[in-house]
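Here is a short report for a first look.

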Amino acid sequence: MPDLFRAGELDMSTVPLEAAGASAQWADCVVNHWAVVVAVFVLVLGLPDLIRLIPHLLRCMPMWKGNIDIEHSVSTARTRNYIALAAGLALCILADRWGLMAPTFKLHLDAHWHLLLTAGLLAGTVFVRYLAYLAAGFGSRTSEFSSTLRHALYNYVILLTALMLLSVVLMLSLRLQDAVIKTVMYIECAVFYIVHLVRISQIFRSRYGSLATILYLCALEILPVGILIFVCTL
């Protein structure tokens, strides 16, 4: 009887099952569950405004003046700010679920605090950027130029989040591994960040020289993101 089992083969998957386990663990967290429910509710509620806003946002990709046009319209800018908050919540969820920001100290926290930490890192980056703008004298609420410089980032964050949501749904339907999804999302973030830097430099250079533009980008745009990247490597 034992001879019957000597020639047998054990067929098992050669692909690690960590991704599926991580997905289940993240979805089982109560905080994450309710955050997704709130994000879906907010996004659905703001979907009509987003549809009306999309043509204005798309003009910001090939044309730097598209950002100024949005800021010139008070109602459009107000709608953009609301949609940016909703997109920020969705971005935090995507970043936490696929570990786009995973510093070592985050792994030592309970899973219920992971999403809050991710949101704190993003909010902290925005706050540091805002403080830099105040220190540089571009914190005026009445100057359309200063307001465009501060808020242009929101336009690209909304577009980035929309693209990430669509691409994630597509990649999940194709059953791609989490590592692939994470890489694609990193690429999307990099592309939109570069476009943002190019467009914001064009806006700034419309009034100031090249040297001032370089200093502006380094101090007010690159430095806050650089701090975020450094913290995420700790």
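Which residues is Met-164 in contact with, leaving aside its neighbours within four places in sequence? They are Leu-91, Leu-94, Leu-100, Met-185, Glu-188 and Cys-189. Contact means heavy atoms within 4.5 Å.

This is a predicted model: local features need pLDDT of at least 70, side-chain atom pairs count only at pLDDT 80 or more, and totals for chains, interfaces and linings use all residues. Residues are numbered from 1 along each chain as its sequence is written, and side-chain values use heavy atoms, without hydrogens and water.

**Cores**

A nonpolar core is a set of buried Ala, Val, Leu, Ile, Met, Phe, Trp, Tyr and Cys residues joined through side-chain atoms within 4.5 Å. Buried means under 20% relative accessible area (1.4 Å probe, protein chains only).

| Core | Residues | Members include |
|---|---|---|
| Largest | 37 residues | Met-101, Ile-158, Met-164, Met-185 |
| Second, separate | 13 residues | Tyr-133, Phe-138, Ile-200, Leu-217 |

**Helix 8 and helix 9**

Helices are DSSP runs (H or I, at least four residues), numbered from the N terminus. The axes of helix 8 and helix 9 come within 10 Å and cross at roughly 145°. Axes are lines fitted to C-alpha atoms over the stretch in contact, with angles from 0 to 180 degrees between N-to-C directions. Among the residues making this contact are Ile-200 and Phe-204 of helix 8, and Thr-213 and Leu-217 of helix 9.

**Thr-213**

Thr-213 sits in helix 9 (residues 210-232). Thr-213 is buried because its relative accessible area is 3%. Not counting residues up to four places away in sequence, Thr-213 touches Ser-201, Phe-204, Arg-205 and Tyr-208.

Methods: Helices (H or I, at least four residues) and strands (E, at least two) are DSSP runs, numbered from the N terminus. Buried means under 20% relative accessible area, exposed over 50%, partly exposed in between (1.4 Å probe, protein chains only).
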